[in-house]
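Colleague: I would like to learn how to read a model of this kind, feature by feature. Could we begin with what is meant by burial and go on from there?

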Amino acid sequence: MALDKQVYIYSVDTSAFFTQKESLLRKEINKAKQKNENEKVKELDKSFRNIIDSNIHLKRKLNPHSLSINNKVSLFESSLTRTLGLEENNTYEDVIIVETHYYSIFDSLIENGFTLNDEEYVPFTASAGQIRTKKTVFMKKTTWDNVKDTLTCGLSEEKINKHYDVNKDNKRFYGVSINKYLAYLALCSSATDEWKDFNIDRSIVVEDFETSINTTVDFVDDVTYNVKRRKMDIPINHTDGCGMILPKKSKNSFMVRLPWVKGLLVPFPYDKFIDKNNSTVTDIYGKKHDVLKEKIEVIFTKSQFKMWKYYENWDEYKKLYKQYKCHASLTNIEEDELSSARLCYQMLQTLTLISDEQLDNLVSITRGEIQETVSNPEEMLNLMGASKGRFEDKNNLQQALFIYPELLLDPHVKTKLKEAKASLMRKVYTGKIKVDGCYTFIAPDLYAFCEHMFNGEENPQGLLHNGEVSCKAITGGVKVDLLRSPHLYKEHAVRMNTRNELTEKWFITKNVHTSIHDPISKVLMFDCDGDKVTVSNDETLVSVAERNMVDVVPLYYDMKKAPAEKIHRKSVKENLKRAFSGNIGIVSNDITKLWNSDSVDIDLVKIRTMENNFEIDAAKTNYKPVRPKHIKAMFKPFNKMKMPHFFTYEKYRLKPQDRKKKKPKRTTEPWNESTTVNRIKNLFPDVRIKFKAVADMYEFDYSNLMCASRDKDELYYSIRDKYEELNNEKWKFSSKSNNGDINNSDHLPVYVYIRQELMKLCSDPFLIADVIIEHLYAGSNSSYKTTLWSSFGDIIVENLKHNLSSRLKLCEKCGTVFSNKRDKSMNNKKYCDPCSVEVRKDKVRENVRNLRSKN
């Protein structure tokens with residue numbers, strides 16, 4: 001995907017917009033704090049607040065000095081970067097992220113915009129993730145004026161504001177749910193690749209497939225907080241977020257993005273399902289389409305087309321799509337080799353009935369995996385992320401290890417390996433354990449969808465009965481436990497994995513398909529717009545889950561709908577502020593406390609889970625339930641309760657940046673064996689990495705990393721000294737974008753800056769890399785070479801490709817590395833996977849041409 005292509009923008013907080021007077025006053029407050037002059041701090045702070053409140057109508061200026069390397073953040077390649085024409089590894093000021101620390105300044109920025117170097121900026125959007133961290137995206141007004149029709153597919157705020165819906169009281173509501181609108185607009189910034197061969201003229205949008213299932217639920221009343229078990233009809237949208245694509249266009253499911261369109265496309269051969277008598281369907285606007293004659297390749301559903309009601313018809317959308325040169329994007333493509341099934345603490349803590357023997361069996365795969373990791377060099381490479389997955393998705397060090405595993409003997413890599421192993425153990429102690437199974441997209445029974453759409457069946461049978469799922473990655477005829485994060489209530493969906501002649505014919509992907517007769521979506525609280533689930537056939541897990549799910553039914557509540565409002569600066573401001581006040585993490589932590597208490601009150605878990613769902617929707621609906629007094633009293637004992645002991649290992653671990661800031665370590669409840677996750681640590685012996693196994697297999701020569709040996713002349717020492725200077729001072733340029741992800745370190749702005757500074761001395765990056773390699777490896781052979789690998793790792797990889805070319809398998813079409821000679825299964829393969837698809841298509845086209853020429 002596009003995670004290896006990044007551009008840089010700036011992210012500042014509201015203090016970057018202080019006036020001179022506000023800035024001076026803030027400095028006085030900080031001085032008073034340092035001197036512990038508490039009364040003076042209160043007095044100055046009150047004055048400061050009064051001043052920023054009085055400046056509410058001011059068009060503020062962004063301080064240019066705040067646009068420093070410290071405030072640079074990475075922006076992945078996306079529809080937004082492509083539309084704006086932003087080039088990889090460059091820094092731009094077209095888009096600026098602002099984090100809210102002072103609401104008065106936020107109010108001013110939203111209502112009035114701001115200026116930077118005499119350029120005006122206007123509010124653009126805020127994604128769900130940005131809202132959680134009180135961040136808003138602003139765009140240069142001239143840029144917005146140039147690209148808004150492309151990003152919105154010609155849908156103006158004026159047109160949205162003229163649209164109205166009528167409620168049951170015949171009252172008109174104009175506009176749109178503001179925060180939904182902002183979230184949909186933010187889709188353009190999702191990390192995506194361009195879907196170059198998408199043809200919008202061969203796509204339609206149809207109604208979703210919804211039925212009611214009569215089932216037993218625990219209904220949680222959001223007013224009285226009563227929990228009552230009742231049997232009732234539950235409406236379920238089976239295709240919520242899911243559409244279909246012909247297998248000839250894609251063999252793998254993937255998530256799609258178009259302006260206002262979001263969801264999952266699942267390959268399904270609907271052209272084989274229909275015949276000439278039933279090939280006509282009606283789209284959401286009432287227009288009939290002959291799917292065969294129109295050569296329809298993609299069928300979107302209404303739930304995927306978020307702003308459908310603001311267009312006259314699909315033809316208008318298509319016309320504007322082409323007129324404004326919009327484009328389709330794809331992301332999160334289904335892997336050919338699915339990820340392993342792994343559990344987390346939320347899934348384990350709800351298994352309150354599990355014996356020591358069963359828990360020991362459950363962690364046995366993880367224990368064996370760790371033993372292999374510390375003793376087998378191939379598994380060490382896997383832990384470093386170097387052995388599996390596409391070569392181009394790896395970072396520089398991982399690519400180098402893929403080519404040259406001898407690097408495992410480098411002290412720097414040894415340090416990284418120890419850190420990775422320590423991180424793995426901390427996660428294991430916190431419940432991250434591997435079990436039999438896979439991690440894959442969840443999708444509906446699309447055969448039933450076609451029965452409904454093409455055959456007009458109101459109650460189709462589909463291919464799966466109640467209690468059945470179908471996943472090709474798992475053996476048929478066995479029970480599986482389906483799990484999804486977040487897992488708050490008891491959400492283990494044990495089902496029979498059905499595989500037969502019909503499912504093998506119609507369900508061509510490795511997705512797990514669910515039955516339309518099953519309320520499973522209310523158990524796991526999923527939709528099908530790209531949600532992934534763990535599907536485990538681990539016998540111990542399934543047995544324990546079945547035992548713990550006895551007499552457990554889905555939760556159900558009367559969720560509210562988001563009211564429509566007209567889009568204007570004030571409505572955007574008020575809705576964002578409401579959204580900023582939400583805190584889903586607190587609710588999730590409260591549920592964890594309940595599950596890990598001495599005596600679990602299951603009704604309180606149900607109530608807090610209900611509150612969590614309303615908390616998630618509160619930003620859109622403006623509604624949160626109010627706890628009755630007697631319920632407050634029931635929760636009171638848990639308010640002062642700390643998180644369970646297993647949070648010590650990972651969640652509450654002090655990170656290096658926390659120690660620098662002298663943050664106090666958060667405390668937990670004492671260890672006790674009554675909770676499931678606490679018991680895990682004692683099941684894992686302490687093991688060390690056996691580097692002797694690596695030394696017995698490999699011999700490391702750092703000259704393989706180099707292009708050539710360099711003379712130690714004046715330039716050599718200039719580069720060496722400048723490197724040391726920059727490396728020693730890089731902490732000053734620590735960036736907000738550093739989130740600790742090993743795959744992101746190569747793209748941190750500080751390393752781009754270091755490379756640029758060194759290339760001011762010499763324009764040849766190969767020479768610079770050789771000098772630094774010689775300096776670091778021939779001398780002390782330091783354990784710390786992150787700056788080298790993150791600044792010039794791509795050069796080292798190129799050197800390895802050249803020096804060790806006999807080890808590699810290169811695609812004969814595009815030249816990409818797709819395998820190494822250690823993988824014997826690839827010996828006869830000529831092309832990488834994407835090129836293999838293209839080559840097959842070319843052969844098909846050639847065969848068709850040959851047949852036509854003969855006729």
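Modeller: Buried means under 20% relative accessible area, exposed means over 50%, and partly exposed lies in between, with a 1.4 Å probe and protein chains only. This is a predicted model, in which local features need pLDDT of at least 70 and side-chain atom pairs count only at pLDDT 80 or more, while totals for chains, interfaces and linings use all residues. Residues are numbered from 1 along each chain as its sequence is written, and side-chain values use heavy atoms, with hydrogens and water left out.

Colleague: Is Asp393 buried, exposed or partly exposed, and what does its side chain contact?

Modeller: Asp393 is partly exposed, at a relative accessible area of 37%, and is placed in the loop between helix 14 (377–383) and helix 15 (396–403). Helices here are DSSP runs of H or I with at least four residues, strands are runs of E with at least two, and both are numbered from the N terminus. A polar contact is a pair of N or O atoms within 3.5 Å; within protein, one must be able to donate a hydrogen and the other to accept it, and residues adjacent in sequence count only if both atoms are side-chain atoms. The side chain of Asp393 makes such a contact with the side chain of Arg390, at 3.1 Å. Asn395 is in the loop between helix 14 and helix 15 as well, but Asn395 is buried, with a relative accessible area of 5%, and its side chain reaches the backbone nitrogen of Leu397 at 3.2 Å.

Colleague: Why do the buried residues of helix 27 line one face of the helix?

Modeller: An α-helix has 3.6 residues a turn, so residues three or four places apart point the same way. In helix 27 (residues 714–729), the buried residues are Tyr716, Ile719, Tyr723 and Leu726. Seen down the helix axis, they fall within an arc of 105° (taken from the directions from the axis to the C-beta atoms), so they line one face of helix 27. Their cover includes helix 28 (749–758), helix 29 (765–778) and helix 30 (786–803), where contact means heavy atoms within 4.5 Å. At the N-terminal end, Asp713 caps helix 27, with a side-chain oxygen 3.3 Å from the backbone nitrogen of Leu715.

Colleague: Which residue caps the N-terminal end of helix 20, and which residues of that helix are buried?

Modeller: Asp538 is the cap, with a side-chain oxygen 3.0 Å from the backbone nitrogen of Thr540. The buried residues of helix 20 (residues 539–548) are Thr540, Leu541, Val542, Val544, Ala545 and Asn548, and strand 27 (532–536) is among the elements that cover them. Lys532, found in strand 27, is buried at a relative accessible area of 13%, and among the residues that Lys532 touches, not counting those up to four places away in sequence, are Glu335, Tyr439 and Arg484.

Key
The expected span of a helix is 1.5 Å times one less than its number of residues.
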